[in-house]
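Here are my notes for you, as promised. Have a look at the model first, then read the points with it open beside you.

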Amino acid sequence: MGSAASSTALGSALHVIQVAITPVFMLAGIAALLNVFPTRFARVADQADAVSKVIKTADAAAAALLSRRLARLRLRSLVLDVAVILGAVAGAATCATVLALFVGEAGGFPLGVVLFTTFGLAVACALAAIVSFAIEMMIASRHVRDVVAAEQERMEP
């Protein structure tokens with residue numbers, strides 16, 4: 001008799017571990033996404049430092065252009081901040097989902113509601129972080145296109 005109960009408990013624990021693997025894969029994806037953000041932010045910071053140095057000695061017209069460039073870099077950094085925060089919340093919510101799976105197996109609270117809330121929050125925040133990252137990329141790529149267009153105009157006879 002004790003063996004059957006032990007076998008059932010083991011089977012139940014194994015099932016929880018199997019179910020918990022899905023959020024863990026999501027957590028790995030979120031971690032990879034979060035790993036990209038510092039590199040992007042470092043590029044923004046380097047560009048802001050370079051522009052800040054040049055703006056001090058620039059004439060009025062160049063200073064106005066550089067000031068707009070700094071404003072765009074500030075916007076990019078703010079969007080990246082949002083992406084990092086959302087990614088971190090997504091990671092934390094994913095961890096909460098895994099924890100809820102294990103604690104829920106012991107009983108005592110409505111597991112379905114907790115899982116729906118934590119995993120739903122994780123997916124929503126991960127999606128929002130990706131959207132925020134895409135916005136930052138669009139801001140960056142717009143600047144590149146503007147620079148290329150200005151160079152082409154300058155080089156035309």
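**Notes on the fold, core and pocket**

1. Starting at the N terminus, the elements of the protein chain follow the order α-α-α. That makes 3 helices and 0 strands, where helices (H or I, at least four residues) and strands (E, at least two) are DSSP runs numbered from the N terminus.

2. A word on the source: this is a predicted model, where local features need pLDDT of at least 70, side-chain atom pairs count only at pLDDT 80 or more, and totals for chains, interfaces and linings use all residues. Residues are numbered from 1 along each chain as its sequence is written, and side-chain values use heavy atoms, with hydrogens and water left out.

3. Of the 157 residues in the chain, 25% are buried, meaning under 20% relative accessible area with a 1.4 Å probe, protein chains only. In α3 the buried ones include Cys-125, Ala-129, Phe-133 and His-143.

4. Now the largest nonpolar core, which has 10 residues, among them Leu-33, Phe-37, Leu-73, Ala-83 and Ala-129. Here a nonpolar core is a set of buried Ala, Val, Leu, Ile, Met, Phe, Trp, Tyr and Cys residues joined through side-chain atoms within 4.5 Å. α1 (2-55), α2 and α3 each give two or more residues to this core. There's also a second, separate core of 7 residues, including Met-26 and Cys-125.

5. Take a look at Ala-140, in helix α3. Ala-140 counts as buried because its relative accessible area is 12%. Setting aside neighbours within four places in sequence, Ala-140 is in contact (heavy atoms within 4.5 Å) with Arg-40 and Arg-76. Ala-140 and Arg-72 are 68 residues apart in sequence but 8.6 Å apart in space, C-alpha to C-alpha.

6. Finally, which residues line the largest pocket? They are Val-51, Leu-65, Leu-66, Arg-68, Arg-69, Arg-72, His-143 and Asp-146. On a 1 Å grid over the protein atoms alone, a pocket is an open set of points where a 1.4 Å probe fits, with protein on both sides within 12 Å along at least five of seven lines; lining residues have an atom within 4 Å of a point. α2 gives the most to this lining, with 5 residues.

Note on methods
Buried < 20%, exposed > 50% of the residue type's maximum accessible area, 1.4 Å probe, protein only.
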